Amino acid sequence: MTNIHPTPLSAPAETLAGPGFDQLPLPAAMLDNLWQLQYLTMTPIQAASLPLALAGHDLIAQAKTGSGKTAAFGLPILTRLNPKLFKVQSLVLCPTRELAEQVSQEIRRLARFADNIKVLTLCGGTLMRPQMNSLEHGAHIVVGTPGRIMDHLQRGSLQLDHLSGLILDEADRMLDMGFYDDISAIAKQCPRQRQTLLFSATYPNGIAKLAGQLLQNPQQVHLHEQHASSKIRQRFYEIDDQQRFEAVATLLKHYRPLSTLAFCNTKQQCRDLQEELLTQGFSVLTLNGDLEQRDRDQVLIQFANRSCSVLVATDVAARGLDISQLEAVINVDVSPDPEVHVHRIGRTGRVDQSGWALSLFSPQETPRVNSISQFMGSDPEFHSLSELENSNPSPLQPPMVTLQILGGRKDKIRPGDVLGALTADAGFKAEQIGKINVTEQSTYVAVERRIGKEAARKLSAGKVKGKTVKVRLVLKG
Ligand code: ADP
Ligand code: MG
């Protein structure tokens, strides 16, 4: 069968069967423009969030890159906007300059139905002065990164008292980059009476905290197909007690998860397992209650930013841990408490990801497995280690490495300063940079493994926040 209807060239695949924009309370000129842009039908995130956002609700929406988010918040912003009022009426916060520029461009396209709507991009890595001049000429919509927006607020070059819409785009990514404090400081300078829309691909705990602080009676938008695929695949492996550590290595080599949390019942067992895995060439750290806060932070940062692939912990030590992308949980010992077991494995398979929950048990531990399956109301899936052929026996290397900059909050270093030093000054791409964590004394930045040494060298040779800094590669694990 031939398709006689033209399909828009730039349309994402999901647009093909959705409802039309003409169902929405949008002005005719805007609908015409959408038609000209070949926006014929809504993407799922647009269909789910536009009716709510146009009705004025605050929203928490789960949406990934390429899902058509910009129109999902751009259209509500634009319909509410008063073009005659030359004040900033909407602010869109994005994690990086590239994303902010894309959003600005897309909003400008959506704004073509009206004359004279000014969209301004404010990001780091460029001079303040020209941005201040543009602000003096007035802008209706500002799109920018939290660090640079803060700079303008502090200098008084940006005022938000006429703001009616605050948008957080890719909120999880912004939290990853350490922008929590900046975002909440920015929100404090916005009028209370406003609409706040938060978009995020994943839901680490920080998102709920941020939403609780910034949003009022928010509506939640989840996309069904993504929700349904959230899944924990659970397998039990029977082993002999003396095989236990070897078995953990076998599982890691077979499943090759990027991030694994391995639970032991005792501290001593954590230490022994770490030693064994280190000998085999794995990148592994342990968390135990004896660690000082600063060391604990360093371990968690390295694990969460993907420069360490295995974290060994007891239940107590893992309490309160907030990691959004765990591919696997390994129970080195089965917990005697089924509730603890369920809690452990619930850490994998979040949002749209599936995760492995792999448990080792010795014949004496069989009753524990039985009570777990009773508690969970499902039959355990038993597997044998001998099924696992290690065709590729080398341990997986983590994709990132961590650089430690000796200087942190006490030196007024902010994530944007480090990102700027690495991208604008040292010439790396934003995609090569991972999470940035600023602690009181130090700043940790994850970079792609293969640029680790070069990034450390360039950072030491250059300047962060106008100062020379000491930088070292954190090689533990
Ligand atoms: P996201 O911010 O979620 O990554 P964008 O808003 O940048 O996604 O949209 C991705 C691409 O899809 C853009 O090129 C945009 O012009 C296009 N697009 C978005 N919504 C529609 C639609 N309803 N119909 C056709 N194209 C669309
Ligand atoms: Mg986008």
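This text walks through a predicted model, from its ligand to its cavity and then to selected residues.

Start at ligand 1. Its shell holds 18 residues, and those that come nearest are Tyr39, Thr41, Gln46, Gly66 and Thr70. Sorted by class, this shell has 10 polar residues, 4 charged ones and 4 nonpolar ones.

Backbone atoms reach the ligand at several points. At Thr41, a backbone N or O atom sits 2.8 Å from a nitrogen atom of ligand 1. At Gly68, a backbone N or O atom lies 3.1 Å from an oxygen atom of the ligand. Lys69 also brings a backbone N or O atom to an oxygen atom of ligand 1, here at 3.0 Å. How much of the accessible area of ligand 1 does the protein cover? On its own, the ligand has 570 Å² of accessible area, and the protein covers 86% of that. Two elements give two or more residues each to the shell: helix 3 (69-80) and helix 4 (97-110).

Across the whole structure, the search finds 1 cavity of 30 Å³ or more. The largest cavity has a volume of about 50 Å³. Which residues line the largest cavity? They are Leu252, Pro257, Thr260, Phe282, Ser309, Val310 and Leu396. In this lining, 5 residues are nonpolar, 2 are polar and none is charged.

Now turn to the backbone angles. Most residues other than glycine have a negative phi. Gln38 is not a glycine, yet its phi is positive, at about 65°. Gln38 belongs to the loop between helix 1 (28-36) and helix 2 (44-54). Is Gln38 buried, partly exposed or exposed? Gln38 counts as partly exposed because its relative accessibility is 38%, and that class runs between the 20% and 50% cut-offs.

Lys412 is another case. Its phi is also positive, at about 60°, and Lys412 is not a glycine. The residue is found in the loop between strand 15 (400-406) and helix 16 (415-425). Lys412 has a relative accessibility of 60%, so it counts as exposed. The cut-off for that class is over 50%.

Several buried residues come next. The test for this class is a relative accessible area under 20%. Take Lys253, which lies in helix 11 (residues 244-255). Lys253 has a relative accessible area of 16% and is therefore buried.

His383 is in strand 14 (residues 382-383). With a relative accessible area of 16%, His383 is buried. Its side chain takes part in polar contacts. One joins it to the side chain of Arg235, at 3.3 Å. Another links the side chain of His383 with that of Glu381, at 2.7 Å.

Leu261 has its place in strand 9 (residues 260-263). Is Leu261 buried or exposed? Its relative accessible area is 0%, so Leu261 is buried. Leu261 and Leu311 are 50 residues apart along the chain, but 4.9 Å separates their C-alpha atoms.

End with Phe179. This residue is found in the loop between helix 7 (171-176) and helix 8 (180-188). Phe179 is buried because its relative accessible area is 2%. How far apart are Phe179 and Asn437, in sequence and in space? The pair is 258 residues apart in sequence, and the C-alpha to C-alpha distance is 9.2 Å.

Note on methods:
Residues numbered from 1 in each chain as written. Chains lettered and ligands numbered in written order. Predicted model: local features only at pLDDT ≥ 70, side-chain atom pairs only at ≥ 80, totals over all residues. Heavy atoms only, no water. Near = heavy atom within 4 Å. Polar contact = N/O pair within 3.5 Å; in protein donor to acceptor, adjacent residues only side chain to side chain. Areas by Shrake-Rupley, 256 points an atom, 1.4 Å probe, with all protein chains shown as cover. Helix = DSSP H or I, 4+ residues; strand = E, 2+ residues; numbered from the N terminus. Nonpolar A, V, L, I, M, F, W, Y, C, P; charged D, E, K, R; others polar. 1 Å grid on protein atoms, 1.4 Å probe; cavity = no way out; pocket = protein on both sides within 12 Å on 5 of 7 lines; lining within 4 Å. Points joined across faces, edges and corners; volume = space filled by probe spheres on them. Buried < 20%, exposed > 50% of the residue type's maximum accessible area, 1.4 Å probe, protein only.
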